[in-house]
Amino acid sequence: MSHYTWHNVTESSRVTTKHAFATLSFIAEIFIFLYVGMDALDMEKWRFVSDSPQLSLQVSSILLGLVLVGRAAFVFPLSFLSNLMKKSPEERISFNQQIIIWWAGLMRGAVSMALAYNQFTRGGHTQLRANAIMITSTITVVLFSTGVFGLMTKPLIRLLQPSPKHLSRMISSEPTTPKSFIVPLLESTQDSEADLGPNVPRPHSLRMLLSTPSHTVHRYWRKFDNAFMRPVFGGRGFVPFVPGSPTEPSGH
């Protein structure tokens, strides 16, 4: 909702809102990691598998293998289909990028733990050895994937996608403006076709809409946004018209 409400509050309210939500997000992440860590020290479950660590290791390996295969079955076919729709080689997802996407999604966390406890325990407790093995195996996969895969993600990106030297200098000189390196979904204030350039094709069918650059989709969204959303919710770019009075942008 910040696309609309951000322009309707004072500067002090913006600062307060930004830091308040950042604090709430930080507290939520701490709670999640504490929850996972406390479950990892659930001695009741580990006692069930203490007499057969080999079986627990085998189950953990199978689960980890399923995570690897499942993620690959999701990323590579969809990347292949996406590349079929893009004519320019620069727009296609390279194989190195596909590996990074595959690797970055291998980390398991609190959701996996919650699902395992919901499925194999009753009120957080179980007396069945098979259920305890599934719980401890899930804990092992979560800790291993978070520690190993998480720590290796950044070196893998540096290896497969080395940043150009000029981009590295720009990032180091402007550490507080990461948005300058991306094309925002909702550009500027008014819906103009000039910012898209004269050579951007306008789609006349669903197939053309899917195969044209993303700026074209954004153009249609901006038209809808200015016509229906901003008159109701406000936001930068919408100028309400009142007969006999000067028009001012909403929220200013």
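**Helices in contact**

Reader: Hi! Which residues of helix 2 meet helix 6?

Author: I32, Y35, V36, D39 and A40 of helix 2 meet A110, M113, A114 and Y117 of helix 6. Contact here means heavy atoms within 4.5 Å. That contact has 8 nonpolar residues, no polar ones and 1 charged one. Ala, Val, Leu, Ile, Met, Phe, Trp, Tyr, Cys and Pro count as nonpolar, Asp, Glu, Lys and Arg as charged, and the others, Gly among them, as polar.

Reader: Where do the numbers come from?

Author: This is a predicted model, where local features need pLDDT of at least 70 and side-chain atom pairs count only at pLDDT 80 or more, while totals for chains, interfaces and linings use all residues. Residues are numbered from 1 along each chain as its sequence is written, and side-chain values use heavy atoms, leaving out hydrogens and water.

Reader: At what angle do helix 2 and helix 6 pack?

Author: Helix 2 (residues 11–40) and helix 6 (residues 110–120) pack at about 50 degrees, with their axes 10 Å apart. That makes helix 2 oblique to helix 6, oblique being whatever is left after roughly parallel (under 35 degrees), roughly antiparallel (over 145) and roughly perpendicular (65 to 115). Axes are lines fitted to C-alpha atoms, for helices over the stretch in contact, with angles from 0 to 180 degrees between N-to-C directions.

Reader: Is their crossing left-handed or right-handed?

Author: The crossing of helix 2 and helix 6 is left-handed: the near helix is turned anticlockwise from the far one by less than a right angle, and clockwise would be right-handed.

Reader: And how do helix 4 and helix 7 pack?

Author: Their angle is about 55 degrees and their axes are 8 Å apart, and therefore these two helices are oblique to each other. Helix 4 passes helix 7 in a right-handed crossing. The contact includes L55, V59 and L63 of helix 4, and I133, M134 and F144 of helix 7. By class, that contact has 10 nonpolar, 6 polar and 1 charged residues.

Reader: Zooming out, how many helices and strands are there in the chain?

Author: The protein chain has 10 helices and 0 strands. Both are DSSP runs numbered from the N terminus, with helices (H or I) of at least four residues and strands (E) of at least two.

Reader: How much of the chain is made up of buried residues?

Author: Buried residues make up 24% of the 252 residues. Buried is under 20% relative accessible area, exposed is over 50%, and partly exposed lies in between (1.4 Å probe, protein chains only).

Reader: Which residues are buried in helix 5?

Author: In helix 5 (residues 95–104), Q98, I99, I100, W102 and W103 are buried. The buried residues of helix 5 pack against helix 4 (53–84) and helix 7 (129–160).

Reader: Okay, new topic: is N131 buried or exposed?

Author: N131 sits in helix 7 and is buried, at 18% relative accessible area. Not counting residues up to four places away in sequence, N131 touches F120 and T126.
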